[in-house]
Every structure is written in C-alpha cells, then in structure tokens.
Amino acid sequence: MGSKGFQFEQEFIDSLRCIPMIVRLKLDTCGVKLKLNHWHQFTQAERQILVTMPCDTPANILTYRQHLQGLVTDYTGQPAKEIDVAINPPWLGLMVPEQVQTKAATHNLKISNDDWGTLTPAQRFALIKLSRPSHENRNFIPAMQEFGLVD
C-alpha cells in the first residue's frame with residue numbers, strides 16, 4: 001500500500017470522501033474516534049495530510065492526535081471522542097484473529113498464521129476491519145486478492 005491507500009479503496013481514495021484504512025489505522029493507534037461528518041468538514045489538503053502524516057512512534061502518535069484534535073476542534077468547537085488504544089492490537093499479533101478466519105471461511109478460504117506473518121500491520125488491520133460483522137465488507141475478497149492470499 002502506498003500513500004494512496006489500498007487498491008480495493010481506489011473507487012473513493014482519490015476524492016477521500018471516505019476515511020481510508022490507513023487513516024483508520026492511525027485513528028486506532030492514536031485513540032481518536034473520528035466521525036465521517038468530521039472527515040467531510042476537512043479540506044482535501046487536510047485529509048491528505050492525515051493520510052501521509054506518520055503515526056508510528058510515541059512522539060508521532062502524540063503529534064498526530066494533537067493535529068487531528070486541533071482540526072476537529074477548529075471545525076466543531078470541541079475535540080473528537082477519544083477511545084482506548086489496544087496495548088497489543090491484533091494487527092500486530094502473530095496469529096490470525098478468529099473473526100478473520102471466520103470471514104475467510106464464509107468464502108471457502110483459509111489464512112494460515114504463516115500467511116498472516118507475511119502481511120504488513122496495515123494489511124492485517126484492513127482484514128480485521130473488513131471481517132467485522134458490523135462492517136459492509138464487499139472489499140474483503142478484493143483485499144485478500146490484493147494481499148496475495150487468494151489465487
């Protein structure tokens with residue numbers, strides 16, 4: 001995945017009308033619950049900064065959260081709700097989460113722990129999000145194909 005996001009997101013990634021997976025990963029990493037209506041208030045340039053801005057070290061995570069909360073506060077008058085940050089998030093684990101296995105099985109697919117280990121944290125995060133029962137997940141199979149898990 002480049003700074004443009006995943007292939008399965010291409011239909012909306014250029015316009016950034018939806019919150020791309022890479023930003024959703026950063027939100028879970030920095031502990032901010034960003035609503036789509038917040039995202040829609042941001043300019044295209046502000047959205048692009050949130051896509052490309054690093055959020056992978058303690059200092060970067062703090063800077064990202066402060067920048068994001070500053071944007072939300074500028075537009076809405078109050079910061080976004082904060083969420084708990086997982087100490088050991090499943091996308092950094094070595095085992096395929098059960099919900100991902102279950103989702104794959106509904107398509108007669110299997111993901112081994114070895115295959116899981118070859119994926120980047122962002123790819124794992126995407127599969128976890130796309131396998132949630134509450135998620136509209138038509139992109140699960142395209143993501144599996146993009147990540148080389150389906151022939």
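In helix α2, the buried residues are Met21, Ile22, Val23, Arg24, Leu25, Lys26, Leu27, Asp28, Thr29 and Cys30. That is 10 of the 10 residues of α2, so the helix is largely enclosed by the rest of the structure. Charged side chains are on the buried list too, among them Arg24, Lys26 and Asp28. The cover over α2 includes the strand β1 (32-33) and the helices α3, α4, α5 and α8.

A word on confidence. This is a predicted model. The protein chain averages a pLDDT of 90, and 93% of the residues score at least 70. Confidence is lowest in helix α1 (residues 10-13), where the mean is 68. It is highest in α5, at 97.

Return to α2 and its partners. Two packed helices are described by the angle between their axes and the distance between the axes. Take α5 as one partner of α2. These two helices pack at an angle of about 105°, and their axes are 9 Å apart. That makes α2 roughly perpendicular to α5, because angles from 65 to 115 degrees fall in that class. On the α2 side, the contact is made by Val23, Lys26, Leu27, Thr29 and Cys30. On the α5 side, Ile61, Tyr64, Arg65 and Leu68 take part. By class, this contact has 6 nonpolar, 1 polar and 2 charged residues.

Now take α8 as the partner. Helix α2 (residues 21-30) meets helix α8 (residues 121-130) at an angle of about 90°, with the axes 10 Å apart. That makes α2 roughly perpendicular to α8. Met21, Ile22, Arg24, Leu25 and Asp28 of α2 make the contact with Ala122, Phe125, Ala126, Lys129 and Leu130 of α8. The class count here is 7 nonpolar, no polar and 3 charged residues.

Helix α8 is itself mostly covered, with 9 of its 10 residues buried. These are Ala122, Gln123, Arg124, Phe125, Ala126, Leu127, Ile128, Lys129 and Leu130. They pack against α2, α6, α7 and α9.

Leu149 counts as buried, because its relative accessibility is 16% and the cut-off is under 20%. Leaving aside neighbours within four places in sequence, Leu149 is in contact with Ile111, Asp115, Leu119, Leu127 and Met144. The C-alpha atoms of Leu149 and Ser112 are separated by 9.5 Å, while the two residues are 37 apart along the chain.

The next stop is the loop between α6 (98-106) and α7 (113-118), where Asn108 is found. Asn108 is not a glycine, yet it has a positive phi of about 55°. Is Asn108 buried or exposed? With a relative accessible area of 74%, Asn108 is exposed.

Helix α4 (residues 44-52) is another part of the cover over α2. Which residues of α4 are buried? They are Glu46, Arg47, Leu50 and Val51. Seen down the axis of α4, these buried residues fall within an arc of 145°, so they line one face of the helix. An α-helix has 3.6 residues a turn, so residues three or four places apart point the same way. The cover over the buried residues of α4 includes α2, α3 (36-41) and α5.

Look at Glu46, in helix α4. At 19% relative accessibility, Glu46 counts as buried, because the cut-off is under 20%. Not counting residues up to four places away in sequence, Glu46 touches Leu71 and Tyr75.

Finish in helix α5 (residues 58-76), which holds Gln69. This residue is buried, with a relative accessible area of 8%. Which residues is Gln69 in contact with, leaving aside its neighbours within four places in sequence? They are Val32, Pro79, Ala80 and Glu82. Glu46 and Gln69 are 23 residues apart in sequence. Their C-alpha atoms lie 12 Å apart in space.

Notes. Residues are numbered from 1 along each chain as its sequence is written. This is a predicted model: local features need pLDDT of at least 70, side-chain atom pairs count only at pLDDT 80 or more; totals for chains, interfaces and linings use all residues. Side-chain values use heavy atoms; hydrogens and water are left out. Axes are lines fitted to C-alpha atoms, for helices over the stretch in contact, and angles run from 0 to 180 degrees between N-to-C directions. Helices (H or I, at least four residues) and strands (E, at least two) are DSSP runs, numbered from the N terminus. Angles under 35 degrees count as roughly parallel, over 145 as roughly antiparallel, 65 to 115 as roughly perpendicular and the rest as oblique. Contact means heavy atoms within 4.5 Å. Buried means under 20% relative accessible area, exposed over 50%, partly exposed in between (1.4 Å probe, protein chains only). pLDDT is the predictor's confidence in each residue, from 0 to 100. The arc is that of the directions from the helix axis to the C-beta atoms.
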